[in-house]
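I open this notebook to set down, entry by entry, what I looked up in a structure that is new to me.

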Amino acid sequence: MRYRLTFVVGLAVGYVFGTRAGRERYEQLKKTARGISQNPAVRNTAESAAQQGRHFAGKAYHTVSEKVGDRVPESVSQRVRGLRERSAHNGGAEDDWGTSNT
C-alpha cells in the first residue's frame with residue numbers, strides 16, 4: 001500500500017510540474033538528459049555496470065542450475081545457451097543495445 005501511495009503522489013507531482021513548466025522546460029530537460037547520457041564517463045560507467053550484471057547473472061544461473069538441476073524449464077536453458085553462443089560469436093563486440101563488452 002505504501003508503494004502505491006508513493007507512486008500516486010509521485011505521479012501527481014510530476015503531472016503538476018509538467019503542466020506548469022510547459023513545453024520549453026520539457027525540451028530543456030530532454031537536452032540536458034541527452035547530454036548526460038552521451039557523456040563518455042556516464043557511458044563507460046553504464047557499460048561497466050552492464051558487464052558486471054551479465055557476469056553476476058551468469059554466476060547466479062550456474063549456482064541455481066546446480067541446485068535445481070533438471071527442474072529448470074528447457075525454454076530457460078535454451079535461452080541462456082543462445083545468449084552465451086551469441087556472445088561468443090560476437091567476440092565481445094556489441095550487444096543488442098549498442099554497448100560494447102569492454
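**Entry on one residue.** I began with Val13, which is partly exposed at a relative accessible area of 40%; buried means under 20%, exposed over 50%, and partly exposed in between, with a 1.4 Å probe and protein chains only. Val13 lies in helix 1.

**Entry on the source.** I noted that this is a predicted model, in which local features need pLDDT of at least 70 and side-chain atom pairs count only at pLDDT 80 or more, while totals for chains, interfaces and linings use all residues. Residues are numbered from 1 along each chain as its sequence is written, and side-chain values use heavy atoms, with hydrogens and water left out.

**Entry on the patch.** I found Val13 again in a nonpolar surface patch with Leu5, Val9, Tyr15, Val16 and Phe17, which together have about 620 Å² of accessible area. Such a patch takes residues with over 30% relative accessible area and no salt bridge, nonpolar side chains (Val, Leu, Ile, Met, Phe, Trp, Tyr) being joined within 5 Å and like charges within 9 Å.

**Entry on the fold.** I counted three helices and zero strands in the chain, where helices (H or I, at least four residues) and strands (E, at least two) are DSSP runs numbered from the N terminus. Buried residues make up 5% of the 102 residues.

**Entry on the salt bridge.** I looked up the one salt bridge of the structure, meaning a side-chain nitrogen of Lys or Arg within 4 Å of a carboxyl oxygen of Asp or Glu. The side chains of Glu27 and Lys30 form this bridge, at 4.0 Å from N to O. Glu27 and Lys30 are about one helical turn apart, because three residues separate them in helix 1 (residues 2-37). Glu27 is partly exposed at 31% relative accessibility, and Lys30 is likewise partly exposed at 33%.

**Entry on confidence.** I recorded an average pLDDT of 78 for the chain, pLDDT being the predictor's confidence in each residue, from 0 to 100.

Methods. Areas by Shrake-Rupley, 256 points an atom, 1.4 Å probe, with all protein chains shown as cover.
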